[in-house]
Amino acid sequence: MIPTRAPGKVTPPLISPTIDYFVFSDESRHTEGRFRSIAAVSLPASLVEDLSAKLSDVMKCAVKGELKWRNVGRGGKKNVPRATATLDFFLSHLCSGLRLDILIWDTHDPRHAVKARDDVANYSRMFFHLHRNLMKRRGTGNRFHLRPDKLVTINWNTIRDCLNSDGTWRKGTQEILGEEFRWVIPKVATFKEVESALTPFVQLADLIAGMAAYTSTNPETIRTLLARGPNQAELFSEDHTTRRNPSDTDRGRFKVVSHLYNACKSKRLGVSLKTQGYLLTRDPRNPVNFWHYKPQHSKDKAPTKSGTREKIDDTFELRSSE
């Protein structure tokens, strides 16, 4: 006889135990330039203290002070080996559960080419999209501790509340499993702004976000340096209408970009650079995910400065990017 289930009883599915994750994030050029980005480094909470201390030692091995992308390649090459060592440290700990998600958006695309675009409110939405998706990839039922770099213009409370809203996850979870399984929805347990100078993983996020925006802005320079090598003096013809000679800063930065690309290639992480001239991951399930945002539908438009500044809800909830 086939056993029957008592009416009204729900058998919980077999799921993994709840894991606490820390997510450290920083942005690049969120209010200027055509291409902008946010990077988020996530890892199990049990690893944060130990790996933060070790990463801090790596970052200070050559030069003291905060590691930031804007300083890489400038005023000599002192930050180049520091940056590559930082990347190597991160990649060497992927097997421990580290993950990197980067969202890049183009302000010239149909979503962003709107009159009176509100870049601050738009950044809030992109932050929401990025963290919502990485929380989904980390698995249901887990708890997250978000640690963004300080940005005084951002309404962090609104973002936190939206990430914790049932409506944010309803389509992906509750419509399938029912209200009884509300407990499997990811939860933002804590949300705290941090100082990047005191937080090594935020500095790593700054480095990666800067690389993403830089390669998206300069694909011709990247492709040419990939083809000719970073040490050749003259790479372009006299026609400078669409191309420019790479500067010393470009050459220093290219060493860092190519180092990351080659390391990801050797580990088969699915990161592309040669085809488009910018960092790109086609399979978002990979642990290093460069995600270039595309408008999801005709009503997916950036917020404007007219009316209410921001309200993050289902009207712009991200459709599946996979």
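User: What makes α2 mostly covered?

Analyst: Of its 14 residues, 10 are buried. Buried means under 20% relative accessible area; exposed is over 50%, and partly exposed lies in between (1.4 Å probe, protein chains only). Among the buried residues of α2 are Val 80, Leu 87, Phe 89 and Phe 90. Their cover includes β2 (35–44), α1 (48–59), β3 (99–106) and α8 (248–266).

This is a predicted model, where local features need pLDDT of at least 70 and side-chain atom pairs count only at 80 or more, while totals for chains, interfaces and linings use all residues. Residues are numbered from 1 along each chain as its sequence is written, and side-chain values use heavy atoms, leaving out hydrogens and water.

User: How do you know how confident the predictor is in this chain?

Analyst: Look at pLDDT, the predictor's confidence in each residue, from 0 to 100. The chain has a mean of 82, and 77% of its residues reach 70 or more. Over residues 172–183 the value is below 50, and this stretch has 21 contacts in the model beyond near neighbours in sequence. A contact means heavy atoms within 4.5 Å. Residues 308–322 also stay under 50, with 39 contacts beyond four places in sequence.

User: What does the secondary structure of the chain come to?

Analyst: There are 8 helices and 8 strands. Both are DSSP runs numbered from the N terminus: helices are H or I with at least four residues, strands are E with at least two.

User: How do you know whether the reach of α3 is close to the expected one?

Analyst: The expected span is 1.5 Å times one less than the number of residues. Helix α3 (residues 119–138) has 20 residues. From first C-alpha to last, α3 reaches 28 Å, close to the 28 Å expected. Helix α2 (residues 79–92) reaches 20 Å, close to its expected 20 Å.

User: Why is α3 called largely enclosed?

Analyst: Count its residues: 18 of the 20 are buried, so α3 is largely enclosed by the rest of the structure.

User: What caps the N-terminal end of α3?

Analyst: Asp 118 does. One of its side-chain oxygens lies 3.2 Å from the backbone nitrogen of Val 120. Just after α3, Gly 139 takes a positive phi of about 110°.

User: How many aromatic pairs are there by the ring rule?

Analyst: The count comes to 9. Rings of Phe, Tyr and Trp (its six-membered ring) pair if their centres lie within 6.5 Å; planes under 30 degrees apart are stacked, over 60 edge-to-face, and the rest tilted.

User: What is the pair of Phe 24 and Phe 201 called, and why?

Analyst: The centres are 5.6 Å apart and the planes stand at 25°, so the pair is stacked. This pair links distant parts of the chain, as Phe 24 is in strand β1 (residues 20–28) and Phe 201 in helix α6 (residues 200–217), 177 residues apart. Phe 24 has a relative accessible area of 5%, so Phe 24 is buried. Phe 201 is buried too, at 1%.

User: Why is the pair of Phe 127 and Phe 191 called tilted?

Analyst: The angle between the planes is 45°, with 6.3 Å centre to centre. Phe 127 sits in helix α3 and Phe 191 in strand β5 (residues 187–191), 64 residues apart. Ring pairs also link both with Tyr 123 and Trp 156 into a cluster.

User: Is Phe 191 buried or exposed?

Analyst: Buried, because its relative accessibility is 17%. Phe 127, at 0%, is buried as well.

User: What makes Arg 253 lie over the face of Tyr 214?

Analyst: A charge sits over a ring if NZ of Lys or CZ of Arg is within 6 Å of the ring centre and within 35 degrees of the ring normal. Arg 253 is 5.4 Å from the ring centre of Tyr 214.

User: Which contact does the side chain of Asp 250 make with Tyr 214?

Analyst: A polar contact of 2.6 Å, side chain to side chain. Such a contact is a pair of N or O atoms within 3.5 Å; within protein, one must be able to donate a hydrogen and the other to accept it, and residues adjacent in sequence count only if both atoms are side-chain atoms. Asp 250 lies in helix α8 and is buried at 3%.

User: Is Asp 101 buried or exposed?

Analyst: Buried, because its relative accessible area is 0%. Asp 101 lies in strand β3. A 2.7 Å polar contact joins its side chain to that of Arg 99. Asp 101 also touches residues including Ile 38, Leu 130 and Asn 289.
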